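Here is a short tour of one protein chain. Please look over the sequence and the model before reading on.

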Amino acid sequence: MGAAKRVSQTAVGDMFTTAAAHPNIALIKYWGKADAILNVPAVSSVSITLDALATETHVRFDGMLPADSLCLNGNTLAPTSNQARRITACLDALRALAGTGLRARVETHNDFPTAAGLASSASGFAALVVAASAALKLDLSPTTASKIARAASASAARSLFGGFAELPAGAAGEDVAAVGLASAEHWPLEVAVAICAEGPKAVGSTQGMIDSAATSPFYPAWVETAAADAAAARTAISERDFPTLASLSESSCLKMHAVMQTTRPALLYWNAATMAALQRIRHMQQDGIEVFFTMDAGPQVKAVCAPGAGGEVAAALASVPGVSRVLTSGLGGPARVIVSPWDGRCD
Ligand code: 2P0
(Lines give C-alpha, C1' and ligand atoms only; values in the text may rest on other atoms or scores of the structure.)
Protein backbone atom coordinates (compact mmCIF):
# COMPACT_ATOMS: atom_id res chain seq x y z
CA MET A 1 0.00 0.00 0.00
CA GLY A 2 1.02 3.62 -0.37
CA ALA A 3 3.52 5.47 1.77
CA ALA A 4 2.29 6.81 5.10
CA LYS A 5 1.30 10.46 5.17
CA ARG A 6 1.50 12.48 8.38
CA VAL A 7 -1.61 14.27 9.58
CA SER A 8 -1.42 16.99 12.21
CA GLN A 9 -3.02 15.86 15.47
CA THR A 10 -4.47 19.32 15.96
CA ALA A 11 -5.72 20.06 12.45
CA VAL A 12 -9.17 18.67 13.08
CA GLY A 13 -11.31 21.56 11.90
CA ASP A 14 -12.14 20.21 8.47
CA MET A 15 -11.43 16.52 8.94
CA PHE A 16 -14.90 15.34 8.01
CA THR A 17 -16.40 13.98 4.83
CA THR A 18 -19.58 12.26 3.71
CA ALA A 19 -19.51 9.53 1.08
CA ALA A 20 -22.11 7.42 -0.66
CA ALA A 21 -21.76 3.92 -2.01
CA HIS A 22 -24.13 1.43 -3.55
CA PRO A 23 -24.52 -2.24 -2.75
CA ASN A 24 -23.55 -4.72 -5.42
CA ILE A 25 -24.92 -8.09 -6.39
CA ALA A 26 -22.50 -10.80 -7.41
CA LEU A 27 -23.42 -12.69 -10.55
CA ILE A 28 -20.40 -14.97 -10.14
CA LYS A 29 -20.40 -15.52 -6.40
CA TYR A 30 -17.81 -15.10 -3.68
CA TRP A 31 -18.07 -17.78 -1.01
CA GLY A 32 -14.89 -18.93 0.70
CA LYS A 33 -11.63 -17.49 1.92
CA ALA A 34 -8.07 -18.38 1.00
CA ASP A 35 -6.95 -16.37 4.03
CA ALA A 36 -9.43 -15.69 6.82
CA ILE A 37 -7.11 -13.24 8.62
CA LEU A 38 -6.36 -11.01 5.63
CA ASN A 39 -9.79 -11.76 4.16
CA VAL A 40 -8.58 -13.00 0.78
CA PRO A 41 -11.26 -14.68 -1.35
CA ALA A 42 -10.71 -18.25 -2.53
CA VAL A 43 -12.81 -17.66 -5.66
CA SER A 44 -13.11 -14.83 -8.16
CA SER A 45 -16.41 -12.95 -8.15
CA VAL A 46 -18.08 -10.69 -10.72
CA SER A 47 -20.73 -8.18 -9.68
CA ILE A 48 -23.08 -5.42 -10.72
CA THR A 49 -23.43 -2.25 -8.64
CA LEU A 50 -26.98 -0.97 -8.04
CA ASP A 51 -27.99 2.68 -8.23
CA ALA A 52 -31.32 2.71 -6.36
CA LEU A 53 -29.97 1.57 -2.99
CA ALA A 54 -27.30 3.43 -1.09
CA THR A 55 -25.33 3.81 2.09
CA GLU A 56 -24.34 7.31 3.21
CA THR A 57 -21.53 7.56 5.72
CA HIS A 58 -20.21 10.61 7.49
CA VAL A 59 -16.79 10.41 9.12
CA ARG A 60 -15.31 13.08 11.38
CA PHE A 61 -11.86 12.71 12.90
CA ASP A 62 -11.72 14.52 16.21
CA GLY A 63 -8.80 14.97 18.61
CA MET A 64 -11.25 15.12 21.55
CA LEU A 65 -12.57 11.59 21.02
CA PRO A 66 -11.04 8.93 23.27
CA ALA A 67 -12.29 6.12 21.01
CA ASP A 68 -14.11 5.64 17.73
CA SER A 69 -17.81 6.42 18.09
CA LEU A 70 -20.03 4.51 15.67
CA CYS A 71 -23.67 4.96 14.79
CA LEU A 72 -25.47 2.67 12.30
CA ASN A 73 -28.98 3.62 11.19
CA GLY A 74 -29.45 5.74 14.31
CA ASN A 75 -28.22 3.06 16.72
CA THR A 76 -24.95 3.47 18.58
CA LEU A 77 -22.78 0.39 18.18
CA ALA A 78 -21.25 -1.13 21.30
CA PRO A 79 -17.44 -0.84 20.96
CA THR A 80 -17.14 -4.57 21.66
CA SER A 81 -19.59 -5.58 18.92
CA ASN A 82 -18.33 -7.44 15.89
CA GLN A 83 -19.43 -4.60 13.58
CA ALA A 84 -17.64 -1.98 15.69
CA ARG A 85 -14.42 -3.99 15.75
CA ARG A 86 -14.50 -4.40 11.95
CA ILE A 87 -15.10 -0.67 11.43
CA THR A 88 -12.31 0.30 13.82
CA ALA A 89 -9.91 -2.14 12.13
CA CYS A 90 -10.72 -0.56 8.77
CA LEU A 91 -10.17 2.93 10.22
CA ASP A 92 -6.90 1.70 11.76
CA ALA A 93 -5.60 0.74 8.30
CA LEU A 94 -6.38 4.24 7.03
CA ARG A 95 -4.95 5.90 10.16
CA ALA A 96 -1.73 3.95 9.62
CA LEU A 97 -1.47 5.29 6.06
CA ALA A 98 -2.16 8.82 7.29
CA GLY A 99 0.20 8.53 10.26
CA THR A 100 -2.42 9.63 12.75
CA GLY A 101 -4.01 8.23 15.88
CA LEU A 102 -7.09 10.46 15.72
CA ARG A 103 -10.33 8.69 16.61
CA ALA A 104 -13.43 9.13 14.48
CA ARG A 105 -17.13 9.68 14.80
CA VAL A 106 -18.84 7.57 12.10
CA GLU A 107 -22.52 7.95 11.25
CA THR A 108 -23.90 5.70 8.57
CA HIS A 109 -27.34 5.10 7.13
CA ASN A 110 -28.64 2.48 4.71
CA ASP A 111 -31.82 3.18 2.75
CA PHE A 112 -32.47 -0.57 2.49
CA PRO A 113 -32.73 -3.49 4.98
CA THR A 114 -29.45 -4.09 6.81
CA ALA A 115 -27.97 -7.61 6.98
CA ALA A 116 -30.76 -9.22 4.97
CA GLY A 117 -28.78 -10.48 2.01
CA LEU A 118 -28.65 -7.08 0.33
CA ALA A 119 -24.93 -6.53 0.76
CA SER A 120 -25.09 -3.75 3.35
CA SER A 121 -21.52 -4.52 4.38
CA ALA A 122 -20.43 -3.99 0.76
CA SER A 123 -21.82 -0.48 0.44
CA GLY A 124 -21.07 0.27 4.09
CA PHE A 125 -17.35 -0.42 3.99
CA ALA A 126 -16.98 1.12 0.52
CA ALA A 127 -18.56 4.34 1.81
CA LEU A 128 -16.45 4.19 4.98
CA VAL A 129 -13.18 3.86 3.06
CA VAL A 130 -14.04 6.71 0.70
CA ALA A 131 -15.28 9.02 3.46
CA ALA A 132 -12.51 8.30 5.95
CA SER A 133 -9.69 8.45 3.39
CA ALA A 134 -11.01 11.78 2.10
CA ALA A 135 -11.35 13.14 5.64
CA LEU A 136 -7.72 12.15 6.27
CA LYS A 137 -6.70 13.81 2.97
CA LEU A 138 -5.39 10.48 1.70
CA ASP A 139 -5.35 10.39 -2.08
CA LEU A 140 -5.75 6.64 -2.43
CA SER A 141 -5.63 4.85 -5.75
CA PRO A 142 -8.70 2.72 -6.52
CA THR A 143 -6.50 -0.34 -6.01
CA THR A 144 -5.34 0.68 -2.54
CA ALA A 145 -8.85 1.71 -1.51
CA SER A 146 -10.19 -1.60 -2.78
CA LYS A 147 -7.58 -3.59 -0.83
CA ILE A 148 -8.50 -1.81 2.40
CA ALA A 149 -12.21 -2.34 1.74
CA ARG A 150 -11.61 -6.02 0.93
CA ALA A 151 -9.80 -6.59 4.20
CA ALA A 152 -12.95 -5.33 5.97
CA SER A 153 -15.48 -7.14 3.79
CA ALA A 154 -14.59 -8.70 0.47
CA SER A 155 -17.75 -7.64 -1.33
CA ALA A 156 -16.98 -4.02 -0.37
CA ALA A 157 -13.94 -4.12 -2.64
CA ARG A 158 -16.37 -4.42 -5.58
CA SER A 159 -18.71 -1.60 -4.44
CA LEU A 160 -15.96 0.96 -4.93
CA PHE A 161 -16.59 0.51 -8.66
CA GLY A 162 -19.70 1.31 -10.64
CA GLY A 163 -21.24 -0.88 -13.32
CA PHE A 164 -19.52 -4.26 -13.49
CA ALA A 165 -16.59 -5.24 -11.25
CA GLU A 166 -14.47 -8.28 -10.54
CA LEU A 167 -12.66 -9.28 -7.37
CA PRO A 168 -10.10 -11.94 -8.26
CA ALA A 169 -9.29 -14.91 -6.09
CA GLY A 170 -6.04 -14.73 -4.18
CA ALA A 171 -3.66 -17.01 -2.36
CA ALA A 172 -3.05 -16.83 1.37
CA GLY A 173 -1.26 -13.56 2.11
CA GLU A 174 -2.07 -12.04 -1.29
CA ASP A 175 -3.46 -8.51 -1.04
CA VAL A 176 -5.92 -8.62 -3.96
CA ALA A 177 -8.05 -5.69 -5.16
CA ALA A 178 -11.15 -5.47 -7.32
CA VAL A 179 -11.10 -3.99 -10.81
CA GLY A 180 -13.81 -2.29 -12.83
CA LEU A 181 -14.88 -4.35 -15.86
CA ALA A 182 -17.36 -2.01 -17.55
CA SER A 183 -19.45 1.03 -16.75
CA ALA A 184 -23.19 0.99 -16.13
CA GLU A 185 -23.66 2.67 -19.51
CA HIS A 186 -21.93 -0.22 -21.30
CA TRP A 187 -24.92 -2.48 -20.59
CA PRO A 188 -27.70 -0.90 -18.53
CA LEU A 189 -29.17 -4.04 -17.03
CA GLU A 190 -32.09 -3.65 -14.65
CA VAL A 191 -32.65 -5.42 -11.35
CA ALA A 192 -35.81 -6.29 -9.39
CA VAL A 193 -35.22 -7.47 -5.83
CA ALA A 194 -38.09 -9.52 -4.38
CA ILE A 195 -38.05 -9.07 -0.60
CA CYS A 196 -39.00 -12.51 0.72
CA ALA A 197 -38.30 -11.73 4.39
CA GLU A 198 -37.29 -8.59 6.27
CA GLY A 199 -34.80 -8.63 9.12
CA PRO A 200 -31.30 -9.90 9.72
CA LYS A 201 -30.17 -13.28 8.45
CA ALA A 202 -29.65 -16.23 10.80
CA VAL A 203 -26.00 -16.87 9.99
CA GLY A 204 -23.64 -14.18 8.72
CA SER A 205 -21.60 -14.71 5.56
CA THR A 206 -18.23 -14.47 7.23
CA GLN A 207 -18.76 -17.40 9.59
CA GLY A 208 -20.89 -19.27 7.05
CA MET A 209 -18.19 -19.41 4.40
CA ILE A 210 -15.58 -20.55 6.91
CA ASP A 211 -17.93 -23.36 7.95
CA SER A 212 -18.53 -24.26 4.30
CA ALA A 213 -14.83 -24.63 3.55
CA ALA A 214 -14.42 -26.85 6.58
CA THR A 215 -17.43 -29.10 6.12
CA SER A 216 -19.12 -29.09 2.70
CA PRO A 217 -18.08 -32.00 0.46
CA PHE A 218 -18.94 -29.79 -2.52
CA TYR A 219 -16.56 -26.98 -1.53
CA PRO A 220 -13.52 -28.25 -3.51
CA ALA A 221 -15.58 -28.50 -6.72
CA TRP A 222 -16.97 -25.02 -6.08
CA VAL A 223 -13.47 -23.54 -5.86
CA GLU A 224 -12.18 -25.53 -8.86
CA THR A 225 -14.91 -24.30 -11.21
CA ALA A 226 -15.07 -20.64 -10.14
CA ALA A 227 -12.22 -19.25 -12.27
CA ALA A 228 -13.76 -20.55 -15.50
CA ASP A 229 -17.13 -19.06 -14.53
CA ALA A 230 -15.56 -15.65 -13.88
CA ALA A 231 -13.64 -15.70 -17.16
CA ALA A 232 -16.73 -16.64 -19.15
CA ALA A 233 -18.75 -13.93 -17.37
CA ARG A 234 -16.14 -11.31 -18.30
CA THR A 235 -16.55 -12.26 -21.95
CA ALA A 236 -20.35 -12.31 -21.74
CA ILE A 237 -20.35 -8.82 -20.19
CA SER A 238 -17.94 -7.53 -22.80
CA GLU A 239 -20.16 -8.92 -25.59
CA ARG A 240 -23.47 -8.06 -23.84
CA ASP A 241 -24.43 -11.72 -24.22
CA PHE A 242 -27.49 -12.00 -21.98
CA PRO A 243 -28.26 -15.75 -22.39
CA THR A 244 -24.67 -16.72 -21.56
CA LEU A 245 -24.48 -14.40 -18.55
CA ALA A 246 -27.87 -15.72 -17.38
CA SER A 247 -26.73 -19.34 -17.55
CA LEU A 248 -23.41 -18.65 -15.82
CA SER A 249 -25.00 -16.56 -13.08
CA GLU A 250 -27.78 -18.98 -12.20
CA SER A 251 -25.27 -21.83 -12.17
CA SER A 252 -22.86 -19.92 -9.89
CA CYS A 253 -25.71 -19.04 -7.52
CA LEU A 254 -27.03 -22.59 -7.34
CA LYS A 255 -23.55 -24.05 -6.88
CA MET A 256 -22.97 -21.64 -3.98
CA HIS A 257 -26.29 -22.55 -2.39
CA ALA A 258 -25.50 -26.25 -2.85
CA VAL A 259 -22.32 -25.63 -0.87
CA MET A 260 -24.27 -23.66 1.74
CA GLN A 261 -26.92 -26.35 2.09
CA THR A 262 -24.30 -29.10 2.50
CA THR A 263 -22.40 -27.14 5.14
CA ARG A 264 -22.66 -28.42 8.72
CA PRO A 265 -24.62 -26.91 10.32
CA ALA A 266 -26.58 -26.34 7.10
CA LEU A 267 -27.03 -22.80 5.81
CA LEU A 268 -30.65 -22.72 4.68
CA TYR A 269 -31.36 -19.20 3.51
CA TRP A 270 -34.40 -19.86 1.31
CA ASN A 271 -38.02 -19.66 2.39
CA ALA A 272 -41.28 -20.49 0.62
CA ALA A 273 -41.47 -17.07 -1.03
CA THR A 274 -37.93 -17.53 -2.35
CA MET A 275 -38.94 -20.73 -4.13
CA ALA A 276 -42.16 -19.21 -5.48
CA ALA A 277 -40.21 -16.23 -6.87
CA LEU A 278 -37.72 -18.54 -8.57
CA GLN A 279 -40.54 -20.47 -10.19
CA ARG A 280 -42.11 -17.22 -11.40
CA ILE A 281 -38.81 -16.25 -13.01
CA ARG A 282 -38.62 -19.66 -14.71
CA HIS A 283 -42.11 -19.08 -16.16
CA MET A 284 -41.10 -15.63 -17.40
CA GLN A 285 -38.05 -17.15 -19.08
CA GLN A 286 -40.31 -19.70 -20.78
CA ASP A 287 -42.40 -16.78 -22.03
CA GLY A 288 -39.31 -15.26 -23.63
CA ILE A 289 -38.60 -12.51 -21.11
CA GLU A 290 -34.86 -11.85 -20.68
CA VAL A 291 -34.43 -12.31 -16.94
CA PHE A 292 -32.36 -14.50 -14.65
CA PHE A 293 -32.15 -14.98 -10.91
CA THR A 294 -29.48 -14.80 -8.27
CA MET A 295 -29.57 -14.99 -4.46
CA ASP A 296 -27.08 -14.31 -1.72
CA ALA A 297 -26.83 -15.23 1.96
CA GLY A 298 -30.48 -14.49 2.56
CA PRO A 299 -33.95 -15.22 1.20
CA GLN A 300 -34.24 -12.29 -1.24
CA VAL A 301 -34.47 -13.12 -4.93
CA LYS A 302 -32.64 -10.78 -7.25
CA ALA A 303 -33.98 -10.81 -10.81
CA VAL A 304 -31.50 -9.42 -13.32
CA CYS A 305 -33.22 -8.18 -16.44
CA ALA A 306 -32.19 -7.09 -19.91
CA PRO A 307 -32.53 -3.32 -20.47
CA GLY A 308 -36.24 -2.43 -20.56
CA ALA A 309 -37.51 -5.65 -18.97
CA GLY A 310 -37.31 -4.59 -15.33
CA GLY A 311 -40.80 -3.12 -14.95
CA GLU A 312 -42.61 -6.19 -16.21
CA VAL A 313 -40.48 -8.51 -14.08
CA ALA A 314 -40.97 -6.38 -10.96
CA ALA A 315 -44.75 -6.38 -11.42
CA ALA A 316 -44.78 -10.16 -11.79
CA LEU A 317 -42.63 -10.69 -8.68
CA ALA A 318 -44.81 -8.31 -6.62
CA SER A 319 -47.74 -10.72 -7.05
CA VAL A 320 -45.82 -13.76 -5.81
CA PRO A 321 -47.24 -15.04 -2.48
CA GLY A 322 -44.95 -14.11 0.41
CA VAL A 323 -43.09 -11.37 -1.44
CA SER A 324 -43.61 -8.29 0.74
CA ARG A 325 -42.27 -5.74 -1.73
CA VAL A 326 -40.06 -5.39 -4.77
CA LEU A 327 -37.17 -2.96 -5.10
CA THR A 328 -36.11 -1.95 -8.57
CA SER A 329 -32.80 -0.56 -9.68
CA GLY A 330 -30.58 0.21 -12.57
CA LEU A 331 -26.82 -0.09 -12.44
CA GLY A 332 -25.01 2.55 -10.44
CA GLY A 333 -21.78 4.44 -10.31
CA PRO A 334 -18.76 4.12 -8.03
CA ALA A 335 -18.48 5.02 -4.36
CA ARG A 336 -17.86 8.76 -4.05
CA VAL A 337 -17.63 11.79 -1.80
CA ILE A 338 -20.91 13.69 -1.69
CA VAL A 339 -21.44 17.31 -0.82
CA SER A 340 -24.70 17.11 1.13
CA PRO A 341 -24.03 17.90 4.80
CA TRP A 342 -24.79 15.11 7.24
CA ASP A 343 -27.68 16.09 9.47
CA GLY A 344 -26.69 13.81 12.35
CA ARG A 345 -28.90 10.98 13.56
CA CYS A 346 -27.25 10.34 16.94
CA ASP A 347 -26.52 12.73 19.78
C1 2P0 B 1 -21.11 -12.22 -2.92
N2 2P0 B 1 -21.61 -12.75 -0.57
O3 2P0 B 1 -20.29 -12.50 -3.80
C4 2P0 B 1 -21.35 -13.26 -1.88
C5 2P0 B 1 -22.48 -14.15 -2.19
C6 2P0 B 1 -22.72 -13.41 0.03
C7 2P0 B 1 -23.12 -14.46 -0.88
O8 2P0 B 1 -19.91 -11.33 -0.60
O9 2P0 B 1 -16.56 -12.18 5.14
O10 2P0 B 1 -20.02 -9.74 3.59
O11 2P0 B 1 -17.04 -9.74 4.99
O12 2P0 B 1 -15.66 -10.86 3.25
O13 2P0 B 1 -18.32 -9.58 1.74
C14 2P0 B 1 -21.02 -11.53 1.41
O15 2P0 B 1 -19.81 -11.64 1.99
O16 2P0 B 1 -18.07 -11.33 3.49
C17 2P0 B 1 -20.81 -11.88 0.00
P18 2P0 B 1 -16.75 -11.00 4.25
P19 2P0 B 1 -19.04 -10.41 2.70
O20 2P0 B 1 -21.73 -11.12 -2.91
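How far apart do the C-alpha centres of domain 1 and domain 2 lie? They lie 23 Å apart. In domain 1, Leu27, Lys29 and Trp31 lose the most area to domain 2, together 30% of what that side buries.

The model is a predicted one: local features need pLDDT of at least 70, side-chain atom pairs count only at pLDDT 80 or more, and totals for chains, interfaces and linings use all residues. Residues are numbered from 1 along each chain as its sequence is written, and side-chain values use heavy atoms, with hydrogens and water left out.

## Two domains

Domain 1 covers 16-184 and domain 2 covers 190-329. These bounds come from an automatic or database domain assignment. Across the boundary, 30 residues of domain 1 are in contact with 46 residues of domain 2. Contact means heavy atoms within 4.5 Å. The two domains bury about 2,900 Å² between them, and 72% of that is on carbon and sulfur atoms. Buried area is the accessible area (1.4 Å probe) that two parts lose on being put together, summed over both.

Glu185 sits in the loop between strand E11 (179-182) and E12. Helices (H or I, at least four residues) and strands (E, at least two) are DSSP runs, numbered from the N terminus. Is Glu185 buried or exposed? Glu185 is exposed, at 65% relative accessible area. Buried means under 20% relative accessible area, exposed means over 50%, and partly exposed is in between (1.4 Å probe, protein chains only). From Glu185 to Gln261 is 76 residues in sequence and 36 Å in space, C-alpha to C-alpha.

## The strands

An open sheet is formed by 6 strands in the order E8-E7-E9-E6-E1-E16, with mixed pairing. Strand E8 (75-76) and strand E16 (336-338) are at the edges with a single partner strand each, so one side of each has no neighbour in the sheet. Two strands pair if DSSP finds at least two bridges between them.

E6 is mostly covered, with 6 of its 8 residues buried. Strands E1 and E6 are antiparallel over 6 bridges. Thr17 has Val59 of E6 as its bridge partner, and Phe16 has Arg60. E6 is also joined to E9, by 8 antiparallel bridges. There, Thr57 is partnered by Thr108 in E9.

Another set of strands involves E12, where 5 of 6 residues are buried. The table lists pairings with their bridges.

| Strand pair | Sense | Bridges |
|---|---|---|
| E12 and E14 (residues 301-305) | antiparallel | 5 bridges |
| E12 and E15 (residues 325-329) | antiparallel | 5 bridges |
| E13 and E14 | antiparallel | 4 bridges |

Ala194 stands opposite Val301 in E14. Val193 has Leu327 in E15 as its bridge partner.

Strand E13 (residues 291-294) is covered on both faces. Val291 and Phe293 are on one side, Phe292 and Thr294 on the other, and all are buried. Val291 stands opposite Cys305 in E14. E13 and E14 form a hairpin, with 6 residues between them.

## A bent helix

Helix H6 (residues 219-238) has 20 residues. From first C-alpha to last, H6 reaches 29 Å, close to the 28 Å expected at 1.5 Å a residue. The expected span is 1.5 Å times one less than the number of residues.

Where does H6 bend? H6 bends at Ala226, by about 35°. The bend at a residue is the angle between axes fitted to the seven residues ending there and the seven starting there. Ala226 is also one of the buried residues of H6, which include Tyr219, Trp222 and Ile237. After H6 comes Arg240, with a positive phi near 50°.

## Backbone exceptions

Most residues other than glycine have a negative phi, and most peptide bonds are trans. Asn39 is not a glycine, yet its phi is positive, about 60°. Asn39 lies in the loop between strands E3 (33-35) and E4 (40-41), and counts as buried at 6% relative accessibility. Asn73 also has a positive phi, about 55°. Its place is the loop between strand E7 (69-72) and E8. Asn73 is partly exposed, at 27% relative accessible area.

Which peptide bond is cis, with omega near -5°? That bond runs from Arg264 to Pro265. Pro265 lies in the loop between helix H7 (242-261) and helix H8 (272-286).
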